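Here is a short briefing for a first look. Start with the strands, then move to the core and the ligand.

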Amino acid sequence: MAKVPLEKIQSIYRKRFFDLISEGRQAFRENWPEHEVQLCTLLSIKTGGCSEDCGYCAQSAHHDTGLKRELLMPKNIVVEAAKRAKANGSTRFCMGAAWKGVRETDPKFQQVLETVREVSQLDLEVCVTLGELSEEAARQLRAAGVTAYNHNIDTSPEYYDEVVSTHTFDDRLKTIHHAQDAGMSVCCGGILGMGESEADRLRMLQVLTTFDPEPESIPINLLVPIAGTPMEEKSKPVEVFELVRLIATTRILFPKAKVRLSAGRETLSREAQAMCFFAGANSIFYGEKLLTTSNPEAQADLKLLEELDLGLQQAVPFHGEPVE
Ligand code: SAM
Ligand code: DTB
Ligand code: SF4
């Protein structure tokens with residue numbers, strides 16, 4: 001879609017609260033008639049020791065967070081985890097690696113491709129988040145069976161330098177283009193609560209409106225403050241109604257996207273989460289662990305969704321063709 005003017009996004013975000021969430025609801029109902037929520041399971045397949053200095057991240061080697069580093073997980077362990085995720089109701093399995101990026105010739109990348117080939121036989125949406133990608137690496141991932149690539153822009157272009165210094169906002173966009181050109185859908189969103197302004201949050205959404213095609217999913221993370229990271233000091237708890245406004249605005253701008261209520265859900269009450277679902281969120285990370293931090297208990301999530309009469313989304317078949 002054409003870049004949406006910031007004033008337009010601001011005028012949506014600043015509507016009267018109940019008008020805004022009603023519009024978010026309307027956009028949701030028109031595009032997601034089954035009222036379902038997608039459960040996604042995350043697995044950190046390579047943990048810690050990352051060369052990048054993302055100011056929020058437990059896994060950066062630049063911050064002393066006390067995290068135990070772990071080597072790339074063997075294929076069979078990952079495949080077992082994916083099977084369990086599916087048996088527990090997840091329809092998307094997302095594998096994350098704490099890497100600056102991948103090189104096609106690296107045997108570790110070859111191992112990831114092997115793993116993806118097996119996971120993709122399980123009839124799950126297969127998402128990976130491995131950092132920077134060349135065009136060729138993106139093609140290989142798609143050919144191996146990856147359906148979606150997660151690469152967040154995290155905040156506005158203007159605030160990005162406050163958060164990371166080892167790569168640029170444009171580097172992130174380049175990888176996103178490579179993923180799209182290879183025929184993968186893109187999962188791209190950001191983090192709230194890193195000391196950014198309201199305008200930064202809305203400019204982040206504005207950048208997403210320039211993507212072609214639009215992001216297939218948009219994770220909205222609340223900063224999980226990690227001791228030892230620079231963002232722990234800048235961290236500001238996000239007002240729940242600001243979060244709900246942002247979700248409704250995202251739903252209105254991207255009616256067909258999965259809007260994923262992501263990290264930080266443990267800080268939200270059940271009522272706050274219900275309001276996020278009302279406003280248009282339709283996906284969560286499910287299971288007791290995100291990458292390195294904790295997540296609500298699976299049983300508690302299932303109970304909440306049941307009490308809210310929200311069904312579980314089936315996997316959406318992926319029709320994109322690998323690009324040769
Ligand atoms: N290395 C890859 C990358 O940078 O894209 C993938 C892993 S990275 C951990 C994936 C995303 O998780 C980040 O872009 C960020 O949005 C989110 N994230 C990481 N740490 C977080 C934290 N402490 N609180 C909230 N979100 C976080
Ligand atoms: C995303 O936007 N959030 C997920 C997923 N994409 C990879 C990761 C959240 C990580 C939260 C912090 C941690 O567990 O280390
Ligand atoms: Fe963390 Fe990814 Fe940044 Fe590495 S590139 S520090 S894993 S967010």
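In which sense do strands β1 and β2 pair? They pair in the parallel sense, over 6 bridges. This is a predicted model: local features need pLDDT of at least 70, side-chain atom pairs count only at pLDDT 80 or more, and totals for chains, interfaces and linings use all residues. Residues are numbered from 1 along each chain as its sequence is written, chains are lettered from A and ligands numbered from 1 in the order written, and side-chain values use heavy atoms, without hydrogens and water.

**Strands**
- Strands are DSSP E runs of at least two residues, and helices are H or I runs of at least four, numbered from the N terminus.
- Two strands pair if DSSP finds at least two bridges between them.
- Strand β1 spans residues 36-46, and Leu-43 has Met-95 in β2 as its bridge partner.
- In β2 (residues 92-97), 6 of 6 residues are buried (under 20% relative accessible area, 1.4 Å probe, protein chains only).
- Arg-92, Cys-94 and Gly-96 point one way from β2, and Phe-93, Met-95 and Ala-97 the other way.

**Core**
- A nonpolar core joins buried Ala, Val, Leu, Ile, Met, Phe, Trp, Tyr and Cys residues through side-chain atoms within 4.5 Å.
- The largest has 92 residues; Phe-93, Leu-130, Leu-141 and Ile-153 touch the most other members.
- Helix α10 (residues 240-253) gives the most to this core, with 6 residues.

**Ligand 1**
- A polar contact is a pair of N or O atoms within 3.5 Å.
- A polar side-chain atom of Asp-154 lies 2.6 Å from an oxygen atom of ligand 1.
- For Thr-129, a polar side-chain atom is 3.4 Å from a ligand 1 oxygen atom.

Conventions:
Buried < 20%, exposed > 50% of the residue type's maximum accessible area, 1.4 Å probe, protein only. Polar contact = N/O pair within 3.5 Å; in protein donor to acceptor, adjacent residues only side chain to side chain.
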